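Hi there,

Here is the structure I promised to pass along. My notes on rings and helix packing follow below it.

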Amino acid sequence: MSLSIGIVGLPNVGKSTLFNALTKAQNAESANYAFCTIEPNKAVVPVPDKRIDKLAELVKPQKVQHSTVDFIDIAGLVAGASKGEGLGNKFLGNIRETQAILHVVRCFDNDDVIHVANSVDPLRDIEVIETELILADVQSLENRIERMSKQLKGDKSLGPKIELGKKLLEHLNEGNPANTFPDRDSDEAAELFRELRMITAKNMIYCANVDEDGLTEDNEYVQKVKALAEERGAEFVKISARMEEDLVGLEDDEYQEFLESYGVTESGLDQIIHTGFKTLGLISYFTAGVKEVRAWTIHEGDKAPQAAGVIHTDFEKGFIRAEVIGYDHYVEHGSEAACRSAGVMRSEGKEYIVKDGDVVHFLFNV
């Protein structure tokens, strides 16, 4: 399982600069003009997790494999994108493939960096983008309702689904995202959301992009975005895309010293990934052996067979039991053998709910 985050925003708000920094590769063109990104960029980024580094230090494996996040940098959207303006529907389609959306908003003044609307107003910018996302969902839903209506004569069971679709369409046309639809938790709505891969049903993370001075204190722009996120129950992060770019390539000691010089303890990458995991209810467990120490991403609440299935479907089908060591116990005793001798390795069955940080060995038979 891999977390997939689409980076959206108006042209020239710092998305590509952030993408370059986050992926530690300059493969998203960054330039001071609109539409500098003309193809969606995708990169697979390792999830920073000091726990897996510690396990690798103890086990000394041949290979270390972190969990990963897919970042997709999507060309700057503009008013009218849902109707093909700017770079249009092609890029809205790319957003449908992601699990969460990182909405980058410019929250700094700089006369040398142009703004597509010639002024900085984060709430206006957010409204422009979100209106286009809602309109894209409206178009998708209208087409689905039309198709179902044509099929209704031969399949009367579609009636309730069409009625639900019309209610949802009314909700969207009032300017509301799908994730605030009153009946969104019903099985029928969930099925419709999945079929249409509705953009506005996805988890939104608001990302305030500030200059270096804005890292230590929230300016008025940041305060407005943070208040909006709180009002909507959405996640919020504040980063300086330019500073993140400067972090690329630094050694660990220099990296930490650089962060501290700006009064921050966590990079933008760490913030975004950890927020993404939290937003989607994801956690990591580990497998540790001489061949490989590896982190695996699962949903919080997954039971042992489901967690095993992330490694291979045969592990889930033929699940027998899981041998589990808590991360702290593993670090305390230093090895699987020592944990077994100390009696802190547990044997767990099919109903065991895997915890964040568990070190697990699965036994299965197919």
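The count comes to 4 aromatic pairs, where rings of Phe, Tyr and Trp (its six-membered ring) pair if their centres lie within 6.5 Å, with planes under 30 degrees apart counted as stacked, over 60 as edge-to-face and the rest as tilted. Such pairs join Tyr285, Phe319 and Phe362 into a cluster.

Before going on: this is a predicted model, with local features needing pLDDT of at least 70 and side-chain atom pairs pLDDT 80 or more, while totals for chains, interfaces and linings use all residues. Residues are numbered from 1 along each chain as its sequence is written, and side-chain values use heavy atoms, leaving out hydrogens and water.

Two arginines sit over rings (CZ of Arg, or NZ of Lys, within 6 Å of the ring centre and within 35 degrees of the ring normal). Arg294 lies 4.1 Å from the ring centre of Trp296, and the charged end of Arg106 is 4.6 Å from the centre of the Phe108 ring.

On to the helices (DSSP runs of H or I, at least four residues, numbered from the N terminus). α4 (residues 122-151) packs on α5 (residues 158-173) at about 155°, their axes 10 Å apart; axes are lines fitted to C-alpha atoms over the stretch in contact, and angles run from 0 to 180 degrees between N-to-C directions. The two are therefore roughly antiparallel (over 145 degrees).

Best wishes

Technical notes
Angles under 35 degrees count as roughly parallel, over 145 as roughly antiparallel, 65 to 115 as roughly perpendicular and the rest as oblique.
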